[in-house]
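Here are my notes after a look through the model you sent over. Have it open on your screen while you read.

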Amino acid sequence: MCSSHRTLIVLLVALFGGGMFGGGVFAGVSSADGGVDHGYGYGKTATIEEISGWDIDVRPDGKGLPPGAGSVEDGEYLYEDKCAECHGSFGEGNNQFPALAGGEGTLTDKRPHRTVGSYWPHTSTLWDYINRAMPYTQPESLSDTEVYAITAYVLFLNDLVADDFVLSRENFATVDLPNKPNFVPDSRPDTYNVRCMKDCKEPGSIHVVTSVERQPAQPVIAQSAPLPVPVGEDIYRQACGMCHENGITGAPKPGDDRDWSGRVDQGMAVLVRHAIEGFQGETGIMLPKGGFSHLSDDEVESAVVYMVGESL
Amino acid sequence: MEKTDKQAGEMLPKPELARRRFLMGSMGLVGGAAIGLGPGVSAAGNNLPPNIPAWTKSLGPGVLTKPYGQPSPFESNVQRRTVDWLTPDRIASISFTPLADLKGIITPSGVVFERYHAGLPAIEPTEHRLMIHGMVDRPLIFTMEDLMKFPSTSVIRFLECPANGGMEWRGAQMDGVQFTHGMLACCEWTGVMLSTLLSEAGVKKGASWVLAEGADGSHMSRSIPMDKAMDDAMIVYAQNGEMLRPEQGYPVRLINPGWEGNTCVKWLRRLEVGDKPWHHREETSKYSDLMPDGTSREFSFAQECNSVITSPSPEKPWQQKGRYWVEGLAWSGHGKIKHVDVSTDGGINWREARFTSIVLPKALTRFGIELDWDGSPLLLQSRAVDETGFVQPTYAQLKKVRGTSSIYHKNAIHTWQVRPDGSIANVQLS
């Protein structure tokens, strides 16, 4: 494609003369370079040193990996120190920060659980992402050795390597992630609606399945105002967890797909209203605010949001 | 540049009125009474004919009271908003464009939805560089000054997060068009064609992909096929006539017209030319489409044809029977919008709406249609067709192919239920 593009430029320059295209560039039409061999001459040549400081990307074939190695054993200490607060000690995730392990065999479930082990296709992506963006609050703070070690430990959390494994540039290609074969190219368009204008459906076939009513708009938070402290998890632990953690009186457990799928489909507003006002369902009973009448409506709502977030 | 209480107060005849308006605005215009009142209508009606309004009998502030202008304080309800349960915090999060309150097809820069992966970086433009390297003859580093010397191009193109509407695969969940469709904007973008920069560096034979990478803490990275890079991809430094807003990638970003917003890497620092894609986190773990059979589509770049009615909407209810102007937005990542049809009966019968804006490829297109409402409940829908002949699908068609777990690229026909009281509910139909 590139060579044909250049051929086109050469042809255009030959046909219309150099310089003619320099100023007239429109969407969809590639710019010719004004007929000058080396274009406009803007910018400076990037040195090898400059490039090496920024060139951090790694590909599945290992291109871009620096020399080095790191062990599962070292990775465990680093992970506990730098990763576990958000991702959980076992890679189970925490407060909506992503889980890194588990979920094998769930991709065809109604609520698939996407983790490194169950979903990601390439080990290189893990190394690349940890190196480019983690830890969340301190990107580009890890040494190459530390990235190797943490990558090795996340592989271990997913039962993909043994506890004495040492990941290195040399053996990188030997660790495949299980879901790799399931990544396929985009095959859209895949829907084929037709532009029918009259009597397109049977009138009796149309039913409202899910519905959400307008809630009062959330107040606009000024840019200078401090961000609200997330309280949902705290409220859940203080109050709701007593029943919901154990499924008492039919309370749906956070994280349990079967418990939540039907409920979430009703919409957040309905769930919050039931939690505040109480609800008698087919399988259980929810007391108003779970019996914790001192909680404000907002606190109850935040706990519902937390539980739903854990269960999506 | 920010509105302050002091400035807002100066613009208003009475401080208590300002407070009253703010409270009404923050109530979300739920009640019919609130929505019918225009600016300047106090409870006493002192400014209405035959009375002479206070502002007609006095002088206002002079020029340069606000060297950089802001919307009227009476429009303070037109704001980006977020849905806090979507993300663990606001550093790696998203806010939504207030579509119901916008006019025409250009999204004002200040309310274009935000998407950050590591918060908003504060980049000093003189210290920012764009590097092009990899399979090129001449690896280059450009300053912002260098980039702006190249021939510039301006285009109007939509920008849409592929997760737009992604919360509704399993059912109606959001209570306004801001949240069902607000990961969407349309701006005039100005910059240099990526093909120009690649030609400047000299792409080597065999190169077929370009990695774009941001300068923020997440170093957001996406693999872009060379075909797109050489077609209409742009390196953009300006938006709606001024330099990019920080939220939109200041000082420079990539725009891939019609493609996932996520590929339009902001705060762009590096382009690497290569012969394979990189399969990075944002194109494997995220922004891939999980199908019911367990396979996942990778590099699903295009934003297919879509539309939504913005008025009425949950934010813009009706008050009484009568004639209404129904309007909305349509867009397609594959080109121009060809038709938009509107149904009031849940898709049994359709009428063609008319375009009320210029129709541009890969841009928002505004449509409208008159409707006489007799107070009976309606199931209001819009259905767009693009110039490739693609017809926006129904939920049933979409879910049949893709199930409910693919998160991205939900472009189904959307339904607003008009209730007898004029309120509008977000519903999904069987």
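Predicted model: local features only at pLDDT ≥ 70, side-chain atom pairs only at ≥ 80, totals over all residues.

1. Chain A in outline. You'll find 10 helices and 7 strands in chain A. Of its 312 residues, 33% count as buried. If you take the contacts in chain A between residues at least 6 apart in sequence, 56% of them join residues at least 24 apart.

2. A helix pair to look at. In chain A, helix H3 (residues 72-82) packs against helix H6 (residues 144-157), with the axes 7 Å apart and an angle of about 95°. Angles of 65 to 115 degrees count as roughly perpendicular, so H3(A) and H6(A) are roughly perpendicular to each other.

3. Who meets whom there? On the H3(A) side, the contact residues are Val72(A), Asp74(A), Gly75(A), Glu76(A), Leu78(A) and Tyr79(A). H6(A) brings Glu146(A), Ala149(A), Ile150(A), Ala152(A), Tyr153(A) and Phe156(A). By class, this contact has 8 nonpolar, 1 polar and 3 charged residues.

4. Follow the order E1(A)-E4(B)-E3(B)-E12(B)-E7(B)-E8(B) and you have an open sheet of 6 strands with mixed pairing. At the edges sit strand E1 (44-45) of chain A and strand E8 (221-225) of chain B, each pairing on one side only. As a reminder, strands of a sheet pair through backbone hydrogen bonds, either parallel or antiparallel.

5. Inside that sheet, strand E7 (residues 209-214) of chain B runs antiparallel to strand E12 (residues 268-274) of chain B, and 6 bridges join them. For a landmark, find Val210(B), which stands opposite Val273(B) in E12(B).

6. Another pairing across the chains. Strand E4 (residues 183-185) of chain A and strand E14 (residues 296-298) of chain B run parallel, joined by 3 bridges. Here Val184(A) has Arg297(B) as its bridge partner in E14(B).

7. The interface as a whole. How many residues of each chain are in contact with the other? The count is 100 in chain B and 89 in chain A. On the chain B side, strand E23 (residues 424-429) gives the most, with 5 residues. That side of chain B is made up of 38 nonpolar, 38 polar and 24 charged residues.

Methods: Residues numbered from 1 in each chain as written. Chains lettered and ligands numbered in written order. Axes fitted to C-alpha atoms, helices over the stretch in contact; angles between N-to-C directions. Helix = DSSP H or I, 4+ residues; strand = E, 2+ residues; numbered from the N terminus. Parallel < 35°, antiparallel > 145°, perpendicular 65-115°, else oblique. Contact = placed C-beta atoms within 7 Å. Nonpolar A, V, L, I, M, F, W, Y, C, P; charged D, E, K, R; others polar. Pairing = 2+ DSSP bridges. Buried ≥ 20, exposed ≤ 12 C-beta atoms within 10 Å, placed from the backbone.
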